[in-house]
Amino acid sequence: MAHMLHAAARRVQWSRAGAAKKAACLLAAAYGLKILYPIIRGRVKRASGRGGAHDETGRAVPHRAGSRGRAAPAVDAEFFKQLLELRKLFFPKLVSAELGLLCLHSFALVSRTFLSIYVAALDGKIVKSIVEKKPRSFIFKLIKWLMIAIPATFVNSTIRYLECKLALAFRTRLVDHAYETYFANQTYYKVISMDGRLANPDQSLTEDIMMFSQSVAHLYSNLTKPILDVVLTSYTLIRTARSRGANPIGPTVLAGLVVYATARVLKACSPKFGKLVAEEAHKKGYLRFIHSRIIANVEEIAFYRGHKVELKQLQKSYKDLTDQMNLILSKRLWYIMIEQFLMKYVWSSCGMIMVAVPIITATGFADGELEDGQKQAMVSERTEAFTTSRNLLISGADAIERIMSSYKEVTELAGYTARVYNMFAVFDEVRRGIYKRTAVIQGSVNNSRSEDKAELHIDGPLEIKGKVIDVDQGIICENVPIITPNGDVVVSRLNFKVEEGMNLLITGPNGCGKSSLFRILSGLWPVYEGVLYKPPPQHMFYIPQRPYMSIGTLRDQVIYPDSVEDMHEKGYQDQDLESILHMVHLYHIVQREGGWDAIMDWKDVLSGGEKQRMGMARMFYHKPKYALLDECTSAVSIDVEGKIFQAAKAAGISLLSITHRPSLWKYHTHLLQFDGQGGWRFEQLDTAIRLSLSEEKQRLESQLAGIPKMQQRLNELCKILGEDSVLKTMDKEE
């Protein structure tokens with residue numbers, strides 16, 4: 001027994017290094033099998049089980065929309081429908097620059113394919129001259145090969161150049177159409193305030209359009225040339241095999257089976273790159289939104305010392321993005337490993353068989369009874385055929401590999417297509433007055449609301465039934481409700497009439513609908529019911545509490561949104577603008593900032609009061625019939641404010657003002673007062689009576705302010721003395 005064990009031990013002696021290498025290989029193979037088997041098994045199951053979702057018991061369940069209400073982007077009929085719709089933007093007419101670039105690009109791709117076939121045949125002739133030991137023939141063919149390299153490299157460079165030009169042309173078409181739609185009918189405002197489907201329009205308008213255009217142009221190159229390569233190389237190989245008496249059916253069937261099997265395996269193992277890329281783009285847009293939000297509110301954040309909160313939000317957003325990118329990278333790792341194994345090693349071995357079988361079995365390459373010199377020539381012929389066929393087969397295999405690898409790019413394109421198509425669809429619907437907002441699920445707080453309050457909310461999509469009629473004079477509201485984009489009914493029916501020469505004061509508590517009324521009058525919010533008669537937009541001018549400062553010169557701030565050309569067409573000169581600044585006590589900034597052509601960041605250069613006076617200067621420049629003033633002088637001193645309002649009345653501008661300053665009441669003739677509960681009243685304003693009532697209210701507030709403390713002290717004295725009082729108020733606890 002010991003002898004047998006000793007003999008067996010001698011047979012299986014391994015060196016330590018060899019044993020370590022084999023153990024490492026076994027561990028790597030086991031780990032790879034452990035990782036790949038669940039992925040392949042899950043993909044195969046999902047591929048075979050497509051067609052409907054199932055619950056835990058195996059019963060089919062209806063599809064439910066995801067968090068965004070849309071199905072995940074995929075290469076399906078919806079993707080091709082969206083791509084065809086976007087194609088109309090690429091090529092708006094039959095004869096266009098984009099179509100010319102596409103034709104040139106296609107011609108370059110076809111030329112490159114024919115050059116590849118010619119170079120493959122020339123390689124075979126060069127190898128043949130080497131085998132035949134003909135130096136002169138070798139040098140001549142080598143020079144020919146170098147000469148053909150000049151047009152070949154030019155065509156390659158042209159292909160890349162035209163691909164980039166095509167991507168830029170596609171992007172320009174999309175951007176032009178997107179900007180035109182985005183700024184039509186105040187869509188840029190309604191997409192943000194009235195609709196909730198686009199979280200980050202800036203991301204869609206920049207990053208998504210760029211990636212979509214580049215992906216379409218690159219995919220056209222990556223599919224057109226490989227398909228043409230496969231067709232032409234296959235035809236050349238089959239024709240060569242038949243000319244030598246070989247049967248091409250066997251290698252052709254083998255190639256088809258290998259390609260089909262590879263496609264099935266890769267499709268089963270392919271992750272949903274379209275969904276992953278779309279989610280990555282969404283997270284990139286949200287990270288950019290957080291950054292822009294911090295920049296827009298940098299002063300407020302600094303005052304509150306809220307940098308820690310903002311830092312946590314940035315870190316969380318960035319971590320979500322990196323997690324998504326790591327997920328995509330990990331899925332690509334295993335997918336590319338399987339792809340490379342099949343397309344490089346499996347295909348190479350099959351390619352060797354496909355090249356060898358026709359040469360071995362071809363009657364045109366048989367030695368037979370040939371003499372030695374003829375055999376030597378036949379060897380060179382076989383070498384030439386093998387080299388040419390091998391180069392063509394490599395070119396065809398590379399083309400098929402690019403076609404199959406393009407499936408991943410197509411799925412990524414599906415993600416970009418869905419985002420761009422959805423952006424244009426939202427723009428179009430919003431422009432036509434169709435708004436959709438994300439439903440907000442409210443908790444038990446709603447249960448505590450009264451029934452009357454519950455009735456002041458509309459669930460579901462809001463239908464626009466009202467009418468807006470432009471008139472030359474007057475503003476008339478007939479049964480017009482004030483409804484927020486969320487469906488909250490602030491005022492159910494509003495009726496008032498502002499005639500020419502009237503000045504309306506609008507008051508009420510916060511959230512009662514004062515600013516909302518201005519949004520309706522300005523056309524930002526729709527009229528859901530009733531009829532609104534108002535002047536055209538050019539005869540109405542809205543001034544918010546925080547005026548917008550544009551990019552440009554000091555002159556541009558006064559005439560905004562006009563250009564200098566518009567200013568000259570209206571007959572204005574810089575001297576006229578100077579008189580306007582004198583009216584609002586702002587002329588000093590012309591000398592202070594260096595003249596009318598000074599360009600600065602006016603949002604930071606001007607103070608709060610100066611920005612509000614600049615807004616009033618714009619009103620005097622445009623001279624509207626009606627001015628909507630939304631607390632636009634709250635940071636202006638009372639004396640300057642009064643002079644500005646008096647100048648506006650003298651200029652014949654009817655004022656509709658939201659203000660809390662009693663000093664401005666005397667500049668108004670009528671009052672529209674909201675009570676915050678859905679009620680309102682419209683009446684003529686008697687400034688003297690209203691001022692006396694306001695003074696009485698303030699006097700009573702100051703007198704009653706100390707009563708709660710006096711009552712509390714009385715209760716304490718009663719307890720100390722053990723006595724009672726007729727004025728004593730019992731504690732709530734007792």
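Modeller: Five bridges join strand β9 (residues 626-630) to β10, and the two run parallel. Strands pair when DSSP finds at least two bridges between them. Helices (H or I, at least four residues) and strands (E, at least two) are DSSP runs, numbered from the N terminus. This is a predicted model: local features need pLDDT of at least 70, side-chain atom pairs count only at pLDDT 80 or more, and totals for chains, interfaces and linings use all residues. Residues are numbered from 1 along each chain as its sequence is written, and side-chain values use heavy atoms, leaving out hydrogens and water.

Biologist: Which residues stand opposite Ile658 in β10?

Modeller: Asp630 does. Ile506 also has Ile658 as its bridge partner. Strand β6 (residues 504-507) pairs with β10 in the parallel sense, over three bridges.

Biologist: Which way do the residues point from β10?

Modeller: In a regular strand, side chains alternate between the two faces of the sheet. Here Ser654, Leu656 and Ile658 point one way, and Leu655 and Ser657 the other.

Biologist: Why is β10 largely enclosed by the rest of the structure?

Modeller: Buried means under 20% relative accessible area (1.4 Å probe, protein chains only). Five of the five residues of β10 (residues 654-658) are buried, so the strand is largely enclosed.

Biologist: At what angle do helix α17 and helix α20 pack?

Modeller: Axes are lines fitted to C-alpha atoms, for helices over the stretch in contact, and angles run from 0 to 180 degrees between N-to-C directions. For α17 (residues 574-583) and α20 (residues 608-622), the angle is about 130 degrees, with axes 9 Å apart.

Note on methods. Buried < 20%, exposed > 50% of the residue type's maximum accessible area, 1.4 Å probe, protein only.
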